[in-house]
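This report walks through one protein model, from its overall make-up to single residues. Please keep the sequence and the 3D view open while reading.

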Amino acid sequence: MEFGDNADQRSKKQSRKERGKNSGLPRHKGKHDKDKPWDDPSIDHWKIDKFDPSWNETGMLEVSSFSTLFPQYREKYLQEAWPIVRSALKEHGITGELNLVDGCMTVSTTMKTRDPYIIVKARDLLRLLSRSVPAPQAIKILNDGMECDIIKISNIVRNKERFVKRRQHLVGPNSSTLKALEILTGCYILVQGNTVAAMGSFKGLKQVRRIVENCIENKMHPVYHIKILMLKRELAKHPDLVNENWDRFLPKFKKKNVKQKKVRGKEKKEYTPFPPPQQPSKIDIQLVTGEYFLSDKKKSEKMWREKQDKQAEKTAETKRKREAAFVPPEESVMQEERGKSTVDKTDVVTMASSLKEKMTELSKNKASNRVNAQDYIATTEKSSKKKGKKNKA
C-alpha cells in the first residue's frame, strides 16, 4: 500500500508541474532559488584575486608559528641570506627567527598580519630554503599564484645505483632535460639529494610530479614526456581542437625490455662434513724453517739481508725501466719486406743484363758460323739460271 501511495503522490506532482508549464504562470521559487550576485558568466571563478588588507582590518586573534629543521651544510648560506628573508617576511607582517644552535628556522604571525594564508606560504618558504633553493627564488613563494611541491623520491627505489642513475635521467646531460621541463611546465625545478623541489602553478606542479614519479619508477623517460608536452602546446594553439580528445594525436611509447647479462655467481663447492685443515701459524712456519731457534741478533741480520736484497731488486728494476727508454725499437715487418723487395729488384736487373749479354754473344757466334746451304747444291742453281735466260729471250 505504501508503494502505491507514493506513486500517486508523484503522479500528482508531475501533473501540477505540467499544468504550470502549460498555463504559462511563473514557477514558485523557494527561499534558496534567488539570483546570486556571483552567478554571472563574466566572472572567472578560478581567478585568485590579490589579497586586500581591508578584508581583515582587525588582524589575527591567535599567534600561529611553524618551525623547520635544516641540514648543517646550509647553515653558512642561511646565515648570509637571512636578512633578505627577514625583510621579505616583514612586508607581510611575519617574523622570522634563525636558530643556529638547534638548527631550525621559525616563522610566526604578529599583530600586523592581515592575510591569514600568508603563514602557510611562510612555512613553504622555510621548507624550500632547507632543500637548497636559493633565497631570491624561494622568496617568490610569498606571491599570489605561486605554489610549491617537494617530491620525495628516495623511498621509490631501494637500490642506490638505480636511484642515482634514474635521478640523472631527470637532470640530463648539462641539465638540458631539466631546463626543457622548466620551460614546458612553467615551473622552477631543483633536484637535490633525496627530494625534488618545484615552484609554479598548480597545473605545472601536477605535471612535474607525474614526470618525476614516472622517471624514478622507470615507467617513462622524461624525454618522452617532453615530446608529449610540446605536442600539447602546439595542439592548444588550434581553437578547433580545444573541446576534442587529443589522444589520437599524442604518441604512444612502448616500454622495451632490454636483456641484461646474467652475472655469474660463485661456484658452489662440494659439501663436506669435515672442517677445512688448520692453517699453520707463524710459529709453526718458524719451527719448520729453523728461524725459531735463532738468536735475536741473527734474526735482525737475516731481516737486514732480506731488506737489502729487496732494495737491490727494486733499484735494478728501476734502472732497467729507465734504460728501456734509450733502447732502439726493433724494425717492423714492413721495413724488412721493403728491404727484401729492393734486394729482389736488384737481382732481377742483374739477371736481365746477364741474359742480354748472352743473347748478344749468341748472335755474334751465329754470324761467324753462318753456312749457306745453296752453295752446296750446284745442279739445281744452274738449271734455274738457264731457264731464266730462256724466258728472257
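Helices (H or I, at least four residues) and strands (E, at least two) are DSSP runs, numbered from the N terminus. This is a predicted model, where local features need pLDDT of at least 70 and side-chain atom pairs count only at pLDDT 80 or more, while totals for chains, interfaces and linings use all residues. Residues are numbered from 1 along each chain as its sequence is written, and side-chain values use heavy atoms, with hydrogens and water left out.

**Overall make-up**

The protein chain has 12 helices and six strands. Of its 393 residues, 22% count as buried. Buried means under 20% relative accessible area, exposed means over 50%, and partly exposed lies in between (1.4 Å probe, protein chains only). Take the contacts between residues at least 6 apart in sequence: 56% of them join residues at least 24 apart. A contact means heavy atoms within 4.5 Å.

**The three-stranded sheet**

Three strands form an open sheet in the order β1-β3-β2, with antiparallel pairing. Two strands pair if DSSP finds at least two bridges between them. β1 (65-69) and β2 (94-99) stand at the edges with a single partner strand each, so one side of each has no neighbour in the sheet. From one strand to the next, the twist averages 15°. Angles here run from 0 to 180 degrees between N-to-C directions, and axes are lines fitted to C-alpha atoms, for helices over the stretch in contact.

Five bridges link β1 to strand β3 (residues 104-109) in the antiparallel sense. Helix α2 (residues 75-91) touches β2 and β3, and its direction makes about 165° with that of β2. Helix α3 (residues 118-130) touches β1, β2 and β3, and its direction makes about 170° with that of β3.

S130 lies in helix α3. S130 is buried, at 7% relative accessible area. Leaving out residues up to four places away in sequence, S130 touches T68, L69, F70, P71, R74 and M105.

L128 is also in helix α3. L128 is buried, with a relative accessible area of 0%. Its contacts, again not counting residues up to four places away in sequence, include C148, I150, A197 and M199. The C-alpha atoms of L128 and D149 are separated by 9.1 Å, and the two residues are 21 residues apart along the chain.

S132 sits in the loop between α3 and α4 (135-138). Most residues other than glycine have a negative phi. S132 counts as buried, at 15% relative accessibility.

Strand β4 (residues 147-152) has five of its six residues buried, so β4 is largely enclosed by the rest of the structure. Six bridges join β4 to strand β6 (residues 195-200), and the two run antiparallel. K152 has T195 in β6 as its bridge partner.

**Helices α5 and α7**

The axes of helix α5 (residues 160-171) and helix α7 (residues 202-216) come within 9 Å and cross at roughly 140°. R166, R167, H169 and L170 in α5 meet I211, V212, C215 and I216 in α7. These contact residues divide into five nonpolar, one polar and two charged. Ala, Val, Leu, Ile, Met, Phe, Trp, Tyr, Cys and Pro count as nonpolar, Asp, Glu, Lys and Arg as charged, and the others, Gly among them, as polar.

The loop between α7 and α8 (222-236) holds N218. N218 has a positive phi of about 65° although it is not a glycine. At 36% relative accessibility, N218 counts as partly exposed.

**Aromatic pairs**

How many aromatic pairs does the structure hold? There are two. Rings of Phe, Tyr and Trp (its six-membered ring) pair if their centres lie within 6.5 Å; planes under 30 degrees apart count as stacked, over 60 as edge-to-face and the rest as tilted.

| Pair | Ring centres apart | Angle of planes | Class |
|---|---|---|---|
| F51 and W55 | 5.5 Å | 85° | edge-to-face |
| Y292 and F293 | 5.6 Å | 90° | edge-to-face |

F51 is partly exposed at 22% relative accessible area, and W55 is exposed at 55%. Y292 counts as partly exposed at 43% relative accessibility, and F293 counts as exposed at 62%.
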